Amino acid sequence: MHYVIMGCGRVGSSLARGLERRGHSVAVIDVDAGAFRRLGPTFHGTTLKGVGFDREVLVNAGIERAAGFAAVSNGDNSNILGARVARENYGVATVVARIYDPSRAVVYERLGIPTVATVRWSAEQILGKLIDLGPESLWRDPSGSVRLVGLHYHQSWVGTPITDIQKCLNTPIPALGRFGSAITTDETTVLQDHDLLYVMADSGSVDECRSLLALPRETK
């Protein structure tokens with residue numbers, strides 16, 4: 001699939017490389033041609049100097065065949081304008097915009113444009129919105145072989161020691177989401193109601209882990 005990225009800062013360049021590693025074609029737009037150095041010598045996509053909401057620039061970037069568009073420049077107004085042009089003028093199905101002012105998020109969501117306001121995880125969150133990384137994907141190593149995912153479970157698992165759940169899944173559970181925060185686990189940790197399991201697993205075994213947790217816990 002083809003993706004167009006507006007902005008080649010740290011987030012945009014990381015996002016472009018991540019998409020290309022997964023076999024997608026990528027076009028990156030930036031007003032500063034020097035920014036393309038961040039892509040590195042191994043990047044084989046298209047780079048275009050210009051404004052990301054300029055129609056001629058977008059057409060040259062392949063917007064008419066794009067599966068997704070990510071606006072991650074350093075300006076909220078430019079990002080939203082670019083996202084709206086991609087959505088409304090070219091019918092791009094998946095459009096995501098990075099914003100610096102979280103208070104604007106609700107307004108933009110009403111326009112049908114998902115936004116990402118955090119900095120640390122921006123590239124991974126936007127990547128997860130553009131392409132399917134699976135359930136609750138929180139992190140993935142560069143090779144794609146290991147993932148940290150948030151998994152839910154059947155109610156019967158509540159009260160089970162985390163060490164027992166790890167043995168059942170045959171994979172580590174390094175942390176839990178509890179009351180809006182994350183806590184690390186140890187041999188004394190017990191699953192409580194409404195916890196979210198943060199499971200570190202091989203990508204090929206994530207679905208199996210999810211299926212096992214969806215079933216009632218087997219007791220002897």
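1. In this predicted model, the largest nonpolar core comprises 21 residues, of which Val4, Ile29, Ile63, Phe69 and Val95 touch the most other members. Two or more residues of this core come from each of β1 (2-6), β2 (25-30), α2 (55-60), β4 (68-71), α3 (76-89) and β5 (94-98). The greatest contribution is that of α3, which supplies four residues.

2. Another core, of 17 residues, lies apart from the largest one. Its members include Ile5, Val28, Phe36 and Ala70.

3. Attention may next be given to the packing of two helices. The axes of α6 (residues 162-169) and α7 (residues 206-214) come within 10 Å of each other and cross at roughly 125 degrees. Helix α6 is therefore oblique to α7. The crossing in which α6 passes α7 is right-handed.

4. Where these helices meet, α6 presents Ile165, Cys168 and Leu169, while α7 presents Cys209, Leu212 and Leu213. Classified by residue type, the contact of α6 with α7 holds six nonpolar residues, with no polar and no charged ones.

5. As to the chain overall, the protein has seven helices and 11 strands. Of its 220 residues, 45% are buried. Among contacts in the protein chain with a separation of 6 or more, 55% are between residues 24 or more positions apart.

Terms used: Residues are numbered from 1 along each chain as its sequence is written. This is a predicted model: local features need pLDDT of at least 70, side-chain atom pairs count only at pLDDT 80 or more; totals for chains, interfaces and linings use all residues. Side-chain values use heavy atoms; hydrogens and water are left out. Axes are lines fitted to C-alpha atoms, for helices over the stretch in contact, and angles run from 0 to 180 degrees between N-to-C directions. Angles under 35 degrees count as roughly parallel, over 145 as roughly antiparallel, 65 to 115 as roughly perpendicular and the rest as oblique. A crossing is left-handed if the near helix is turned anticlockwise from the far one by less than a right angle, and right-handed if clockwise. Contact means heavy atoms within 4.5 Å. Ala, Val, Leu, Ile, Met, Phe, Trp, Tyr, Cys and Pro count as nonpolar, Asp, Glu, Lys and Arg as charged, and the others, Gly among them, as polar. A nonpolar core is a set of buried Ala, Val, Leu, Ile, Met, Phe, Trp, Tyr and Cys residues joined through side-chain atoms within 4.5 Å. Buried means under 20% relative accessible area, exposed over 50%, partly exposed in between (1.4 Å probe, protein chains only).
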